[in-house]
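Please read the following account alongside the sequence and the coordinates.

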Amino acid sequence: MTRRLTQLLIGLAMYGISLAMFIRAGLGLDPWDVFHQGISQKTGFSIGVVVIAVSFVVLLLWIPLRQMPGIGTIANAVLVGVFADLGLWAIPVFSHLGGQIAMLAGAVILNGIASACYIGARLGPGARDGLMTGLVRRTGWSVRLVRTGIEVAVLAIGWLLGGSVGVGTVVYALAIGPIVQLLLPRFMVPEVARVPAEVTSAAA
C-alpha cells in the first residue's frame, strides 16, 4: 500500500504539472483541458480551481451510474488542480516556437508517465475516466463510442468558451494512448495473492 499511495501521489503531481506545461506551450490542449480552460476564461477562476470543481461535478454523475470512487478518485479530483496551478506559477510562458514545441513534447511524455503511474496504483479511476467506464457498463456501448462522444462534446463546448485547440490537441490524441500502453506494465502494482480461508484453517 505504501508503494501504491506514493506512486499515486507522484503520478497526480506529474499530471498537474503536465497540464501546466500544455498551457505554457500554447499549442493546444487535450479535450477536457480545453473545456477547463474555457470555463476558467469565462469565470476568472484559476485553471486548477476549475479542474477541481469540474471533477466533483462529474463525480455527482457517478451516483445514477452506481459507480463507487476510490482513494485515488478523490485524490485525483483535488491534487491535479492544485499541481496545475503550482506548475503555472513556476513555469514561464514560451513565445519562441522551438521552446513551445519542446514544452509540448515534454508535456505529452510527462502526461503519459503520470497516467501510467496513477492508473497502475489501482486505487480508483479519475472522475472523468470513471464517468466513461460507468456509462459503458450501464449502456453496453463500446468504450470507443462513449469516450469519443464525451471528448468531442467537452472539446466543442470548451472551444466555444475560448479554450485552446491546436496542434497540441491532435498530438495528444495520437500519442497518449501508445505512451500509456507502453508504460503501464512497468507501473502496474501487482495484486497480492490471497490465500483461501479453507487453506488457512487447514494449516492452523
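The paragraphs below treat helix packing, a surface patch, a salt bridge and selected residues.

The model is predicted, and local features are reported only at pLDDT of at least 70, side-chain atom pairs only at pLDDT 80 or more, while totals for chains, interfaces and linings use all residues. Residues are numbered from 1 along each chain as its sequence is written, and side-chain values use heavy atoms, with hydrogens and water left out.

Helices are considered here as DSSP runs (H or I, at least four residues; strands are E, at least two), numbered from the N terminus. Helix H1 spans residues 2–25 and helix H5 residues 97–120; the two pack at an angle of about 155°, with their axes 8 Å apart. Such axes are lines fitted to C-alpha atoms, for helices over the stretch in contact, and the angles run from 0 to 180 degrees between N-to-C directions. H1 and H5 are therefore roughly antiparallel to each other; in these terms, angles under 35 degrees count as roughly parallel, over 145 as roughly antiparallel, 65 to 115 as roughly perpendicular and the rest as oblique. H1 passes H5 in a left-handed crossing, a label used if the near helix is turned anticlockwise from the far one by less than a right angle, with right-handed used if it is turned clockwise.

Methionine 21 is placed in helix H1 and is buried, its relative accessible area being 13%. Here buried means under 20% relative accessible area, exposed over 50%, and partly exposed in between (1.4 Å probe, protein chains only). Methionine 21 and methionine 103 are 82 residues apart along the chain, and their C-alpha atoms are separated by 6.1 Å. Arginine 3 also belongs to helix H1, but it is partly exposed, with a relative accessible area of 43%. From arginine 3 to isoleucine 52 the sequence separation is 49 residues, and the C-alpha to C-alpha distance is 25 Å.

The next pair is H3 and H4. The axes of helix H3 (residues 47–65) and H4 come within 7 Å and cross at roughly 165°, and H3 and H4 are therefore roughly antiparallel to each other. Their crossing is right-handed. In the loop between H3 and H4 lies arginine 66, which is exposed, with a relative accessible area of 66%. The phi of arginine 66 is near 55°, a positive value in a residue other than glycine. Most residues other than glycine have a negative phi.

Which helix gives the most to the nonpolar patch? Helix H4 (residues 71–90) does, with 4 residues. The patch lies on the surface and is formed by Phe56, Ile74, Val78, Val82 and Leu86, which together have about 360 Å² of accessible area. Patches consist of residues with over 30% relative accessible area and no salt bridge, with like charges joined within 9 Å and nonpolar side chains (Val, Leu, Ile, Met, Phe, Trp, Tyr) within 5 Å. The areas come from the Shrake-Rupley method with a 1.4 Å probe, and for residues only the protein chains shown count as cover. Valine 78, in helix H4, counts as partly exposed because its relative accessibility is 32%.

Arginine 122 is located in the loop between H5 and H6. This residue is not a glycine, yet it has a positive phi of about 55°. With 27% relative accessibility, arginine 122 counts as partly exposed.

Helix H6 (residues 127–139) and helix H7 (residues 143–160) form a further pair, packing at an angle of about 135° with their axes 9 Å apart. H6 and H7 are therefore oblique to each other, and H6 passes H7 in a right-handed crossing. Arginine 138 lies in helix H6 and counts as partly exposed at 47% relative accessibility. The C-alpha atoms of arginine 138 and proline 64 are separated by 9.6 Å, although the two residues are 74 residues apart along the chain.

The structure holds 1 salt bridge, defined as a side-chain nitrogen of Lys or Arg within 4 Å of a carboxyl oxygen of Asp or Glu. It joins the side chains of arginine 147 and glutamate 151, at 3.1 Å from N to O. Because arginine 147 and glutamate 151 are 4 residues apart in helix H7, they are separated by about one helical turn. Arginine 147 is partly exposed at 37% relative accessibility, and glutamate 151 is partly exposed with a relative accessible area of 23%.
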